[in-house]
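These are my notebook entries on one protein model. I record what I looked up, in the order in which I looked it up.

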Amino acid sequence: MTERRSPEHRIGIGASVPAAQGACLRVVGGGGRAGCWPRPIVESPRIPPFEWSSNDSEPNGTMMPNRREASISSLQRAAPWRLPAEVGSSGLVRTLVISAKSIGYGAIFLALTLVAIASAASGQPVKRSSGSDAPRVRGTAEAGAPAVAARQRFLELFARAYIPGRTGQLMVVPREGDFITRPDPDVEYMHGSPWAYDAEIPLMFVGPAVKTGVYSTPSVQQDIAPTLAAALGVSMPPTATGHVLPVLRPGFARPRVVFLLVLDGMRRDYFDRYADLIPTLSALRRRAAWFSAAHVNFLPTNTAVGHSTIATGTDPRVHGVTVNNIYDRIHRRRQELFAGMKPEVLMALTLADVWQLATSGRGLVLAQGSIDRAATPLAGHGACQPNGAPVVLVSYDETTGAWHSNPECFRMPDYLRDRNASTLWSSGSEWLHHRIDSPAAVRRSALFPAFEAGAMVAMIEHEPLGEDDVADLLLLNYKGADFVGHTYGPDSNELRVTLGEMDRNLSRILGALEARVGGDYLLAVTADHGMPSAPPERRHLAPAVVDLLHRKFDPQEKQLVTSYEPENAQMFVDEGRLSHLGLTLGDLARFLETQPFIFAVFTHDEVRRAADAAGPAPPAPCARAGTRVVGRTDRRPVLKASAGGVD
Ligand SMILES: [Zn+2]
């Protein structure tokens with residue numbers, strides 16, 4: 001443990017840890033643009049509450065329109081629900097405010113918002129300022145001031161993930177409590193929205209280096225990589241927009257291993273509702289720095305975007321992974337990001353990339369995930385970055401039931417080659433009366449976490465983890481809650497049983513890790529997104545939504561919408577066809593907003609304008625911009641930034 005460490009391994013706060021504890025404690029407007037801790041947050045009144053009662057996987061297949069009876073009945077809206085108090089911050093509207101540079105832009109936003117509020121108060125839709133796709137506010141019962149503020153916030157969340165050519169043409173937000181999914185029994189439930197059940201995530205840090213406690217300050221996925229980098233004594237590159245969270249003890253010792261665990265599809269409230277079912281995670285929480293207001297601050301809330309943001313510490317509009325998949329209208333094909341574990345779509349360095357470069361490849365990186373779009377961003381670019389080396393990466397192959405990798409960039413350990421998930425159903429083809437006897441189906445059961453944990457334990461035992469003075473990285477996407485949640489929902493017995501098995505197998509992983517390095521590791525636990533609960537009448541199908549548009553605007557050809565996968569919360573529209581029909585994206589958006597299960601629809605132009613208004617992404621650790629020394633620890637200067645920030 002720490003005794004073996006030479007003094008050089010002790011890290012003073014604030015040296016190579018630019019924005020660690022003590023930095024960025026005060027935010028001063030004007031001047032710089034770097035975001036500081038705590039970020040300025042404006043809290044607006046809550047939008048009308050709802051309540052979830054019950055209970056997504058991964059998308060496959062482009063959502064082309066088809067006709068389903070369910071499409072019509074699904075448009076019938078149920079009575080509003082009420083939101084449980086402990087998860088009620090979803091509706092808490094946090095308007096992301098200004099980088100200081102954009103105070104002028106902020107004023108424009110404010111003016112727009114005020115106009116919208118005034119307009120809503122008078123019951124009149126906002127007049128378009130210019131152009132056909134200017135911001136709109138529906139003249140419905142939801143167009144009160146809180147809804148207007150929520151709408152503006154959601155526009156900014158999309159703007160944080162805006163990249164021309166990758167972002168779709170129409171961004172869709174279902175009404176709170178409603179969700180849109182695919183006609184596939186494996187995805188009865190689908191995330192992707194800004195509402196609490198999708199956007200509120202667990203976040204905790206555990207280990208000797210961490211100051212235990214409950215941290216109520218809002219925190220985001222972008223903060224995780226900078227914080228873990230600080231624990232390693234390095235910093236993320238200027239592409240990062242996140243901040244070092246103030247969890248590290250003064251003079252802490254660099255851990256021998258940093259373990260980043262991403263619980264896919266794990267809603268934060270599971271830690272409360274199912275605390276007794278997850279004793280390992282609950283015990284970790286009790287000795288953790290627990291962030292009670294961690295949330296996703298971009299849209300869509302899905303796997304590829306979440307993992308990429310966690311891994312890079314920056315916004316989707318910087319790292320480039322803005323959706324799970326895009327529609328390439330030039331080649332007229334769907335492109336699944338990270339398919340085949342190809343990391344080139346990721347346009348920013350990850351924590352693993354940074355650590356590999358900082359240690360000239362001596363830092364061991366072991367990455368694993370159960371779908372390529374989660375596993376790959378965690379691993380980073382491996383040997384496919386300049387001066388990179390092939391880090392270990394395995395991802396689950398849902399067609400063969402085996403682990404696989406991309407040898408061009410990564411290394412596949414030989415000892416995992418013979419493992420196959422088919423062993424999971426050798427003693428029976430059913431689990432809780434569901435058939436699980438295929439590599440794809442078994443993922444949606446409580447049997448699968450043991451297979452995931454088995455591979456991670458094997459890596460911990462076979463690789464030279466913690467054996468030298470260079471800290472190593474464990475990066476795990478643990479996917480059970482997502483697979484089972486998509487199919488059976490957050491309130492199901494299936495999910496409860498799966499969480500229990502995930503927890504039991506997590507204790508195996510931690511046991512294997514502690515057998516190597518004792519307690520000398522830093523664990524970070526978080527999630528990429530959550531999962532909605534809803535009764536059947538509030539579940540809507542993407543092809544039905546497309547069909548609505550086609551029946552209204554393109555009844556003959558039905559070619560207007562080229563792709564709509566609801567977890568991306570956006571539609572890809574054939575703009576040539578749109579023009580041919582004499583329509584604008586605004587026409588489509590306005591029509592969709594008349595549907596009772598739709599909260600807001602933004603056009604590509606609206607999102608682009610919001611992104612323009614936000615300005616360039618700020619350089620991350622605020623210590624880099626406008627930082628001054630305000631005090632000293634026994635070893636290093638404590639830095640305090642003097643820059644205003646943007647969330
Ligand atoms: Zn996910």
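**Entry 1: overall make-up.** I began with burial and found that 57% of the 647 residues in the protein are buried. I call a residue buried if 20 or more other C-beta atoms lie within 10 Å of its own, exposed if 12 or fewer, and partly exposed in between, with C-beta atoms placed from the backbone. The model is predicted: local features need pLDDT of at least 70, side-chain atom pairs count only at pLDDT 80 or more, and totals for chains, interfaces and linings use all residues. Residues are numbered from 1 along each chain as its sequence is written. I then noted 18 helices and 26 strands; these are DSSP runs numbered from the N terminus, helices being H or I of at least four residues and strands E of at least two.

**Entry 2: the core.** I looked up the largest nonpolar core, which has 175 residues. Such a core is a set of buried Ala, Val, Leu, Ile, Met, Phe, Trp, Tyr and Cys residues joined through C-beta atoms within 7 Å. Phe158, Val365, Ala367 and Leu475 have the most contacts inside this core. Its largest share, 9 residues, comes from H3. Domain 1 (52-190 + 536-614) and domain 2 (196-324 + 333-531 + 619-646) both contribute residues, so the core lies between them; the domain bounds come from an automatic or database domain assignment. For Ala367, leaving aside neighbours within four places in sequence, I listed contacts with residues including Ala352, Val391 and Leu475. Contact here means that the C-beta atoms of two residues, placed from the backbone, lie within 7 Å.

**Entry 3: H8 and H11.** I next examined how H8 (residues 303-312) packs on H11 (residues 372-379). The angle is about 10° and the axes are 8 Å apart; axes are lines fitted to C-alpha atoms, for helices over the stretch in contact, and angles run from 0 to 180 degrees between N-to-C directions. H8 and H11 are therefore roughly parallel, a description that applies to angles under 35 degrees. In H8, Thr303, Ala304, His307, Ser308 and Ala311 meet Arg373, Ala374, Pro377 and Leu378 of H11.

Thr312, also in H8, counts as buried because it has 34 C-beta neighbours inside 10 Å. Beyond neighbours within four places in sequence, I found Thr312 in contact with Ala225, Ala240, His319, Ala348, Leu349 and Thr350. The loop between S10 (294-295) and H8 holds Pro300, which is joined to Leu299 by a cis peptide bond with omega of about 5°.

Entry 4: Gly489 follows H13 with a positive phi near 90°.

In H18 (residues 604-614), the buried residues include His604, Glu606 and Arg609. H3 (145-159) and H17 (585-592) are among the elements that cover the buried residues of H18. Just after H18, Gly615 has a positive phi of about 75°.

Entry 5: I noted Met341, with phi near 55°, in the loop between S12 (333-336) and H10 (351-358). Met341 counts as buried because 26 C-beta neighbours lie inside 10 Å. Leu432 has a positive phi of about 50° and lies in the loop between S17 (430-431) and S18 (434-435). With 13 other C-beta atoms within 10 Å, Leu432 is partly exposed.

Note on methods:
Angles under 35 degrees count as roughly parallel, over 145 as roughly antiparallel, 65 to 115 as roughly perpendicular and the rest as oblique.
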